[in-house]
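Biologist: Thanks for sitting down with me over this one. Could we go through the pocket and the core together?

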Amino acid sequence: MVKKKTIRTIPQARAFMPVQTPEARVGNFDEVARGFDLENALVECDRCLECPQAACVPGCPVGIDIPGFIRKMIDSDYRGAYDIITEANLLPAICGRVCPQEDQCEGVCPVGDTLEPVAIGRLERWVGDRAIEEGWRKRPYIEPNGFRVGIIGSGPAGMACAADLAKAGCSVTVFEALHEPGGVLRYGIPEFRLPNEVVDAEIGNLIKLGIEIKCNTLVGRLFTIEQMLDEMGFDAVFIGTGAGSPKFMNIPGETLNGVLSANELLTRCNLMVADRFPNYDTPLHIGRRVAVIGAGNTAMDAMRVSLRLGAQEVHCIYRRTETECPARVEELHHAQEEGVDFHWLTTPVEILDDGDGNLRAMRCLRMELGEPDDSGRRHPVPIDNSEFEFETDMVVYAIGTNANPILGQTSNLKLNKWGYIDADDDLATSIAGVYAGGDIVTGAATVILAMGAGRRAARSIKEYLGVRDSDVVYRPQKNGHEGSLFGIDLAERNFARVRLALSKEDSGRNDQGRRPEGG
Ligand code: FAD
């Protein structure tokens with residue numbers, strides 16, 4: 001009999017995660033955290049108490065069966081672990097790296113009451129990376145059901161929606177404004193946190209479901225949503241356009257040379273490879289003394305990219321204190337280790353000109369914390385006569401984003417007062433057959449929440465079109481593992497619900513020796 005694990009019997013410390021030293025990593029864009037090796041992954045699995053009522057499952061926004069995948073790993077069934085994760089999450093190598101696990105699954109892990117919680121995100125990443133290495137992507141042929149769905153935006157929301165609809169047999173076309181798919185995963189999050197090859201591999205897996213992606217296609221300019229439904233033959237549309245329009249403070253001096261948004265800085269570097277200029281066409285001038293305004297994840301990314309691009313000093317200017325700082329703790333620590341200078345309780349009120357159209361400094365105020373505001377955080381209040389000049393030759397705004405207004409301006413979509421798309425609980429918008437989810441509905445959030453919204457919208461679209469999962473016709477591949485279609489486990493599936501359309505050479509048998517209905 002297997003002995004029940006207790007907090008005393010499990011390994012007390014988290015397994016070792018190799019990390020590049022701060023001195024080494026500021027000189028390169030390679031990934032900071034290198035990932036568990038198998039031995040360490042298994043030590044970490046051993047720390048899971050395998051609770052019968054696991055709090056981590058509801059703690060995960062998409063409800064991954066976490067103890068289930070960890071059990072498979074302990075049993076050396078790594079492929080089985082991947083299949084369990086991908087029932088709920090299509091992008092494990094990505095989410096294992098960037099999800100704020102400390103506030104989600106790991107935040108409610110009972111091991112965390114006494115020790116450090118089980119490193120669930122790192123284990124998810126290990127499984128996702130193993131899947132990429134092993135090329136686990138055989139999948140069955142899915143019979144088309146005749147419906148066409150258009151998806152606007154190829155970020156996590158759009159791709160998750162596209163994948164679920166493609167699995168249901170819909171013909172799916174994704175329209176993406178940029179020249180590469182992935183949304184923020186591609187243009188926002190830097191390679192030292194999320195390598196592009198991981199994004200390529202996992203998005204590539206989704207594309208192999210038969211999804212067509214049309215890049216360089218700005219919907220609302222080339223055609224409208226109404227045209228997609230009336231003239232282009234789409235039966236339904238999903239909008240996952242994110243919230244990528246940067247906010248500024250509207251203080252004097254914002255049009256000076258040397259002032260830009262974090263989104264521009266990150267897009268130039270991550271998507272347009274400005275770090276390798278002139279080998280690539282996009283230049284990016286980095287200041288000597290860079291000031292980044294804001295202290296969220298985007299600010300951390302902008303500061304750490306600036307250091308890697310050669311800034312001699314990087315400063316974070318934030319109007320509250322470290323306690324209110326919205327970045328993930330890990331990102332804040334990494335930025336501190338890499339030498340970013342933090343100026344808490346400070347806000348700029350003007351950007352100053354050198355007389356030649358370039359910025360030379362910011363005029364700033366010192367702040368103190370007053371009463372809590374709508375966000376529940378104490379509101380920063382300027383201190384009288386606290387003005388000072390802060391010398392800088394580059395200012396980067398990372399104080400949040402808004403919805404891009406183009407779709408709202410070019411269609412009859414109902415928007416809320418902040419310009420985000422109004423969608424009901426089923427993610428239906430004011431236009432029949434048009435659904436929306438992810439940051440364009442909620443405002444800036446997280447990758448996993450955007451994916452969850454994309455999948456929820458896919459369910460609503462299937463209902464709207466009258467597509468039932470039980471009607472989906474799959475044709476299993478001849479050789480190899482069949483339980484691999486991101487949640488469609490052909491081996492386990494109830495054959496009364498799934499008709500298997502066997503090819504001629506397969507007829508008379510199925511992948512598990514059972515005689516399929518309709519075979
Ligand atoms: P997006 O990822 O923004 O994708 C929207 C896509 O739609 C884009 O590709 C855009 O080009 C396209 N698009 C927009 N308008 C049109 C149009 N009219 N026609 C065609 N295409 C259009 N979250 C985490 O969980 N962990 C992190 O570590 C993390 N770090 C982040 C770092 C940065 C720098 C940023 C900016 C965000 C970060 N986030 C993080 C947040 C997370 O990335 C987003 O919440 C998530 O990507 C939202 O997904 P989405 O699909 O709604 O939108």
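Modeller: Gladly! Let's start with residue classes: Ala, Val, Leu, Ile, Met, Phe, Trp, Tyr, Cys and Pro count as nonpolar, Asp, Glu, Lys and Arg as charged, and the others, Gly among them, as polar. This is a predicted model, where local features need pLDDT of at least 70, side-chain atom pairs count only at pLDDT 80 or more, and totals for chains, interfaces and linings use all residues. Residues are numbered from 1 along each chain as its sequence is written, and side-chain values use heavy atoms, with hydrogens and water left out.

Biologist: How many charged residues are in the lining of the second largest pocket?

Modeller: The lining holds 8 nonpolar and 5 polar residues. The charged class has 15.

Biologist: Which element gives the most to that lining?

Modeller: The elements giving two or more residues are α6 (92-98), α7 (120-134) and α14 (329-337). With 6 residues, the top contributor is α14.

Biologist: Which residues have the most contacts (heavy atoms within 4.5 Å) inside the largest nonpolar core?

Modeller: A nonpolar core joins buried (under 20% relative accessible area, 1.4 Å probe, protein chains only) Ala, Val, Leu, Ile, Met, Phe, Trp, Tyr and Cys residues through side-chain atoms within 4.5 Å. This core has 82 residues, and helix α17 (residues 447-465) gives the most, with 9. The residues with the most contacts inside the core are Phe69 and Met73.

Biologist: What percentage of the 519 residues in the protein chain is buried?

Modeller: That total is taken over the protein chain, with its 519 residues. The buried share is 54%.

Note on methods:
Helices (H or I, at least four residues) and strands (E, at least two) are DSSP runs, numbered from the N terminus. Buried means under 20% relative accessible area, exposed over 50%, partly exposed in between (1.4 Å probe, protein chains only).
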